[in-house]
Number of protein chains: 2
Amino acid sequence: MQEYTVKFKPQNKVISVARGTDLLTAAIKSGIVLNASCGGEGLCGKCKVIINRKEVLACETIIEGDLDVIVPKESAQEHLILSHEAEEFTKGAGFERENAYPFSPLVRKIYLELSRPTPDDNSSDLERITDELAKKVEGLSLSIKLGNVKHLGEVLRDSDFKVTVTVGYKDDSVEILAIEPGNTSLSNYGLAFDIGTTTIAGQLVDLNKKNILGTRIAFNKQASYGADIITRIIYASEPKGLKVLNESVLENINEIVEDLCVSQNVQVGEVNGVSFAGNMTMMHLLLKIDPTNIRKAPYIPTAAFFPATSLSEVGVEANPKGLASILPGVTTYIGGDIVAGVLACGLADNDELSLLIDIGTNGEIVLGNSEWMMGTAASAGPAFEGSGLICGMKATAGAIQKVRIGKSLKITLDTIGGGKPKGICGSGYIDLLCEMLKSGIIGKNGKFDRDKKTDSLRKTAAGYEFVIASGAESDTGKDITIDEDDIENLKRSKGAIYSAIIALTNKVGKNISEVRKMYIAGGFGNYLNIENAIYIGLLPDTDRNVYQFVGNSSLAGARMSLFSHEAFKRAFEIHKKITYLDLSTEPNYMDEYVAALFFPHTDIRRFPSVQL
Amino acid sequence: MQEYTVKFKPQNKVISVARGTDLLTAAIKSGIVLNASCGGEGLCGKCKVIINRKEVLACETIIEGDLDVIVPKESAQEHLILSHEAEEFTKGAGFERENAYPFSPLVRKIYLELSRPTPDDNSSDLERITDELAKKVEGLSLSIKLGNVKHLGEVLRDSDFKVTVTVGYKDDSVEILAIEPGNTSLSNYGLAFDIGTTTIAGQLVDLNKKNILGTRIAFNKQASYGADIITRIIYASEPKGLKVLNESVLENINEIVEDLCVSQNVQVGEVNGVSFAGNMTMMHLLLKIDPTNIRKAPYIPTAAFFPATSLSEVGVEANPKGLASILPGVTTYIGGDIVAGVLACGLADNDELSLLIDIGTNGEIVLGNSEWMMGTAASAGPAFEGSGLICGMKATAGAIQKVRIGKSLKITLDTIGGGKPKGICGSGYIDLLCEMLKSGIIGKNGKFDRDKKTDSLRKTAAGYEFVIASGAESDTGKDITIDEDDIENLKRSKGAIYSAIIALTNKVGKNISEVRKMYIAGGFGNYLNIENAIYIGLLPDTDRNVYQFVGNSSLAGARMSLFSHEAFKRAFEIHKKITYLDLSTEPNYMDEYVAALFFPHTDIRRFPSVQL
């Protein structure tokens, strides 16, 4: 088979590929993740690269000879976001509830100075340890794997019976994960992960001090094989597909573990516990469980809860004997990320009626209190994650996160990181829609007022578009715009979420005004303008004091479970308690949805505070 | 390196070995286990083979060229004893208590016809199973390993949601070991093993019907590397020594599994649970745990209880996911075999004071009742196992198990299997000593009456010996004899056991007459003459009705634990309850021992019913 050399610039990556390979595949092979969202189907038109000064789609370009390929900034996804930014993104959520559960880490290191055996004190080495440990683990039953028994005699004698025992909490028992000579109890680290379809967030914590040491966010490398859950499940059904997707997410995870450890001067082998929260499909792919049935009616996951296991079995490159704990989910549409969110915001611990909305590709919503909970998921689409829109992007460096349009239609922007804008993220779109509505650039139906006197509104071959930043102002050198298709897309997303909130509230015979807490979670970075979200009809027009933006509540819940095995236990109770409402079988949901396809709504009485 | 061909006859095994190898090692390599008990040190003089019509010791003969080697009958150990004999040997023990615990096998197969998921019944595949199982496992918590979750979706759908779940009881929880399509619940088999230093007994049982299907006894192949525990521990400390010993016993176990399964038309893969009882060292070697510290003061085992694990992890060739459960021991000297014996004979369930004596290389003794138990071990030596005596052998086919000496000093014999005698086993020696005492062939001091008028008593270069069977009558063509060294050896053994019984009883302030049950266990085959054992001073002279011969109570206890997880739980309680008495630190034990070095005892008042 003939091989050709492809050189990707400016990354300067050179690889050999077989004749007939497409450029998207070649880019993936070289470690470059192009901003493709169609999984190589050529439909999204986003994997643009430049060959001989001509822009082509990487997925549709077949390699027939040696090539120099330029990857434009906007095509290449950044993999790892810098620490200080990531930390900002994960603030807010769960922090005020960080002490809601006792500090009792999921993995503990316990230093034991054991008495040396004598003829009168002749219990076995193992009993010497378990007898002493039993005093420290609150009466829970202790277990140990045979492998950890084998060299115990040597370990105890080499260390003069001074050892550090690493224990992990599993269900109602405590497992001895490792026994090491000497006192290593001062080093005990963990990582909490939120495994999202598009974004993966990992947080290194000190399990002794209850400190957050650092946070990283990366794009899910699985995105190269499908932008959304459905295309990934299809890919997983292909030969080796599951293996490839599993290895992709593990590569993400291990890069984050490595990067955080290096930056904090922590040995990866000192990472003894990792907790994972994510949607059902992500958890299946993480654990290499076939997700096929998730996309086939009646949409049943293989498992909604997952046994705790070793880090080595999952494939995390840390202490191989360390504990991997997975937050349980409810159904295909309510995953461990939502259970983690419920845990983090405290919905299940309050007597008051509360609501959690996680705005992502699906808008998951949980309503309830400490007595009962009901959850649902709206097919919102990934618009608020910046996906499927001309200039949409995730809430990462360079994303426009705030927009204001002045009286003279002057546009003021605020980007994440403060640099030149690269595109627009979810919170930016909410502001933009609101400001366009207020300034009359668009009407309630989402169409541009074509008579509006502004240079920013212009007609192209494809229709009208509104320019937010010109090529001169942007980081990419291209105009940053929004068109009517984008607005339609965003309108459907906000309509789906709003109508789901109403349908769920109605289902249990409650009114929105009875909801005393409304937690808004999602990948909006560290900012969401609630007032603007109400203005466009995404969130109900109710008392502003009930709203609280909680950011990445999935990560917060995963972290809380890592800091407290009682929190993890609570997550299990939550998983059992939430009942699922299937909107597709709800008689009035469709009507609600159609009525919500207006800014803010066809029934303006529902939004009394919105003046249009 | 030069290689030579060695041909072993009559087995017709031909192997190539390097120049300089000794013949014992070569024999082991060829799969022949020679009757050596010194572990290759050349001290026992038992590994006799014939080269060029000359008898030589295999361990001391170095291979310098091609060789034809004849292995005489008495040198080659028989590995597997036939089923019908083995079954006889294991009768008696535990049978009357077989129903003391409810029938609740350690491993169960449960057939589930699950409802197919629907939009309204959309719990995950795993929950569908655990919800249904929870109803059948008496409220115990359920666990499952990640590996068993991975293909669940496929298994359930391929079988139309009709599956068989194999569950194993572990501590206080139930683990899902396997999930198979269809109804395979009718085939559920298990094996109970007693792993002795010299003999391994295995029993195939039907876990559905509580039937014993067959029993096999084999010589422990580790014997080639050391006859007793100490030499094996030393061997285990050598490079690869532990591996070799572990593989040897696994070879025994797997041969028994295979042989029993073939004979009963059971697939080895249908063996889902195996329980093991054995002394501390045997359990360490079985589980490949370094036993080094067992022989170093203060003689501490690495573990006295062992976590249940999978058959594949132990190395048993059966259902790899099947459960391996190990009966817990107490200390180095009171192993899981004794705990199993206590379980089997019911000592821990009775209010009455009872005593269990297991006569083997160590004479282990447990005294107590349902309230308390104390155990000890006497260094009895392996005489009653037929080891270390001129014509001693295990209680296997051809062993003289009964002896009677008539008035005219005519000797009547009874061999195991009824064939020509090959040697004498423990129960044969007890009879023989008793009969020699009664007929005046030996005196109370164990010396021959040299004036006795009988052709059977003769003088050799080494001293006097008594001929029990001539070469013409024996299977080996050689005379079967006993000499004064043998008698001395047996006297020390019986003295050690008797004095331990007395020391233990005294320790708790009791008198032998207060013991209401006296269970005698050990490798005596299916026969032990209690009256004769009292006559020689091995057992105390008390009410004959308290005595009960229970045979292999270790195997019985292992079997009971396999048939009832509640019995297994009871074994755990027993392991915690027994306190250990160290005879070496008991002030009066030595005096007791010395006083017992007489037939029956120096203090004849202790044996009022013995008329000498």
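1. On terms: helices (H or I, at least four residues) and strands (E, at least two) are DSSP runs numbered from the N terminus, and two strands pair if DSSP finds at least two bridges between them.

2. Some housekeeping before going on. This is a predicted model, where local features need pLDDT of at least 70, side-chain atom pairs count only at pLDDT 80 or more, and totals for chains, interfaces and linings use all residues. Residues are numbered from 1 along each chain as its sequence is written, while chains are lettered from A and ligands numbered from 1 in the order in which they are written.

3. Now for chain A as a whole. Its secondary structure comes to 15 helices and 27 strands. The C-alpha trace spans about 100 × 65 × 45 Å along its principal axes. For 612 residues a compact globule would have a radius of gyration near 25 Å, and the 26 Å of chain A agrees with that. The radius is taken over C-alpha atoms, and the globule rule is 2.2 Å times the number of residues to the power 0.38.

4. How do the chains relate? Chain B superposes on chain A through a rotation of 180 degrees with 0.1 Å of shift along the axis, at an RMSD of 0.2 Å. That is the relation of a two-fold axis. The same surface serves both copies, as 100% of the contact residues of chain B recur in chain A.

5. The contact between the chains takes 43 residues from chain A and 42 residues from chain B. On the chain B side, α3 (125-134), β7 (141-144) and α4 (152-158) each supply at least two residues. By class, that side has 18 nonpolar, 13 polar and 11 charged residues. Contact here puts C-beta atoms, placed from the backbone, within 7 Å; Ala, Val, Leu, Ile, Met, Phe, Trp, Tyr, Cys and Pro count as nonpolar, Asp, Glu, Lys and Arg as charged, and the others, Gly among them, as polar.

6. β7 of chain B also turns up in an open sheet of 4 strands, ordered β6-β8-β9-β7 with mixed pairing. The edges are β6 (107-113) and β7 of chain B, each pairing on one side only. From one strand to the next the twist averages 35 degrees. Inside the sheet, β8 (residues 162-170) and β9 (residues 173-181) of chain B are antiparallel over 8 bridges, and Y169(B) stands opposite V174(B) in β9(B).

7. Chain A has an open sheet of 6 strands in the order β12-β11-β10-β13-β15-β14, again with mixed pairing. β12 (211-219) and β14 (309-310) of chain A each have a single partner strand, so one side of each lacks a neighbour in the sheet. β14(A) is joined by 2 bridges to the antiparallel β15 (residues 323-326) of chain A, where S310(A) has L323(A) as its bridge partner. Helix α13 (residues 553-563) of chain A packs on this sheet, touching β10 (189-195), β11 (199-206), β13 (271-278) and β15 of chain A, and its direction makes about 150 degrees with that of β10(A).

8. Which residues of α13(B) meet α14(B)? They are G557(B), M560(B), S561(B) and F563(B), and they meet A567(B), F568(B) and A571(B). The axes of α13 (residues 553-563) and α14 (residues 565-577) of chain B come within 5 Å and cross at roughly 125 degrees, and the two are therefore oblique. Axes are lines fitted to C-alpha atoms, for helices over the stretch in contact, with angles from 0 to 180 degrees between N-to-C directions; under 35 degrees is roughly parallel, over 145 roughly antiparallel, 65 to 115 roughly perpendicular and the rest oblique.

9. Lastly, some backbone details in chain A. The peptide bond from A297(A) to P298(A) is cis, with omega near 0 degrees, and P298(A) is in the loop between α7 (280-286) and β14 of chain A. K240(A) has a positive phi near 65 degrees.

How values were computed:
Two residues are in contact if their C-beta atoms, placed from the backbone, lie within 7 Å. Copies are superposed by least squares on the C-alpha atoms of residues with pLDDT of at least 70 in both.
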